Amino acid sequence: MAKGRGRKVRVDLRKNRGKPGRGKSEWTRRHRGGDPKSDETKQVENVRAKGDLSRRRTIIVDDESAESQALQSGIVVTVRGLICEVDDGQRHWACTVRGMVRTRLIDERASVTVGDRVRFAPVAHGEEQGRTTSEARDLPEGVIEDVEPRRSVLERQYERRVQVIAANVDLVVITMAADQPTLRPHLIDRYLVSVHKGGMRPAICINKADLDVEGQAEAVVERYRGLGYKAFFTCVPEGRGLDELRELLAGQTSTLVGPSGVGKSSLLNAIEPGFSLKVGTLTDLARGRHTTTTARLLPWSFGGYVVDTPGLRQFELASVEAEEVEAYFKEFVDLIQQCKYPNCSHTHEANCAIKAAVEEGRITPERYDSYCKMYEECAARRHYE
Ligand code: GDP
Ligand code: ZN
């Protein structure tokens, strides 16, 4: 098949869809392992002239075997306007996003974001001048042609909209302080629900261990360990727990979340002095609702990345239905089917296995209270929408 003659071939190919012609097999072969939605889109757009045109252009991009062989893989480390900075493991590239990829992602309500695994085509020097921001101008340039399906999404509720902060985060370290600010276990439970919902793995880090004079934080750590979560103490000035934290983070794409002032920046700096993140300087303005949050992936010297979201390391429950909450309380899951009513909310119903387990001490009152608060809150939110 002649290279560069893709356009005509493709038009024929679609008319002949279903026949085992050469064109068809070419199509299938080239899209093997690609986005299965491409085919759906193709069929839908068959009946829409405008979409059809743009689809044809798309196909050319995907169909040029010479081009697809030249694609490189990388991970988006930061996004500035329309430019994604992509790390290919050796160096960074300033990439634009192929129009069709952007369109597809808009359909899926998600633009290319930090943590996305992408395939991009390097652009020969001079071809795409002026498209990158001045900040990225000295980087080699590329065009993102494909985005891998996401394993997980870290998102937050933002004025009733859901904002994706990062994709493909494996591990979320829920970071709290033993004191200053006061340790609130309910907050841990909220984060746990978000993390489970987002398809990520949680761990619980209680920093400022030096301030746990009455041993209250110790009890909290024990409670979560009892549930099977990884939970541990750290203390930045004493260096306690830092090796454990580093070991946990190595090779992962992770993020530290938790209220302001618990010591997240201090921890990051302590295990990676090269980061030099600002400590204790977060102003209310920086945390304001209108601040646009640009997350970035910072590489650890010991392998893996950490998502840094300046001015925003707190995230709220995003789009959890009240009925969904029970599924994210791991000690509830096996008991739920024993409730008398199949749609038991475990808040007021008779013969509720969850309430019985609380009575018997198999579920702690703190966890049960957390559940009830979250259930009510999610139910109320739905009511207003
Ligand atoms: P962030 O808002 O979560 O990033 O918190 P920062 O890293 O900015 O730290 C907030 C304050 O807590 C700073 O004054 C730190 O010096 C202090 N801090 C951090 N870690 C510890 C710790 O382990 N013990 C104590 N006592 N203070 C800490
Ligand atoms: Zn129940």
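Strand 12 (residues 296-299) and strand 13 run antiparallel and are joined by four bridges. The structure described here is a predicted model. Within this pairing, P299 stands opposite Y305 of strand 13. The two strands form a hairpin with five residues between them, and G303, located in the turn, has a positive phi of about 100 degrees.

Strand 13 (residues 305-308) also pairs with strand 11 (residues 253-257), here in the parallel sense and over three bridges. In this second pairing, T255 stands opposite V307 of strand 13. Both faces of strand 13 are covered. Y305 and V307 lie on one side and V306 and D308 on the other, and all of these residues are buried.

For comparison, the ideal angle for four tetrahedral donors is 109.5 degrees.

A search of the whole structure finds 14 salt bridges. In general, side chains of opposite charge can pair when their charged atoms come close. Among the salt bridges is that between the side chains of R151 and D170, with an N to O distance of 2.8 Å. This pair links distant parts of the chain, its members being 19 residues apart. R151 is in the loop between strand 5 (141-147) and strand 6 (153-158), whereas D170 is in the loop between strand 7 (161-167) and strand 8 (171-177). R151 has a relative accessibility of 48% and counts as partly exposed. D170 is likewise partly exposed, at 23% relative accessibility.

A further salt bridge is formed by R190 and E377, whose closest N and O atoms are 2.8 Å apart. Because R190 lies in helix 7 (residues 185-197) and E377 in helix 12 (residues 365-384), the pair ties together parts that are 187 residues apart in sequence. R190 has a relative accessible area of 11%, below the 20% limit, and therefore counts as buried. E377, at 30% relative accessibility, counts as partly exposed.

The salt bridge between R246 and D243 lies within one helix. The closest N and O atoms of R246 and D243 are 2.9 Å apart. The two residues are three residues apart in helix 9 (residues 242-249), so they are separated by about one helical turn. R246 is partly exposed, with a relative accessible area of 25%. D243 has a relative accessible area of 56% and is exposed. Elsewhere, D189, E331 and R367 are joined into one network by salt bridges that share partners.

Definitions and conventions. Residues are numbered from 1 along each chain as its sequence is written. Chains are lettered from A and ligands numbered from 1 in the order in which they are written. This is a predicted model: local features need pLDDT of at least 70, side-chain atom pairs count only at pLDDT 80 or more; totals for chains, interfaces and linings use all residues. Side-chain values use heavy atoms; hydrogens and water are left out. A salt bridge is a side-chain nitrogen of Lys or Arg within 4 Å of a carboxyl oxygen of Asp or Glu. Buried means under 20% relative accessible area, exposed over 50%, partly exposed in between (1.4 Å probe, protein chains only). Two strands pair if DSSP finds at least two bridges between them.
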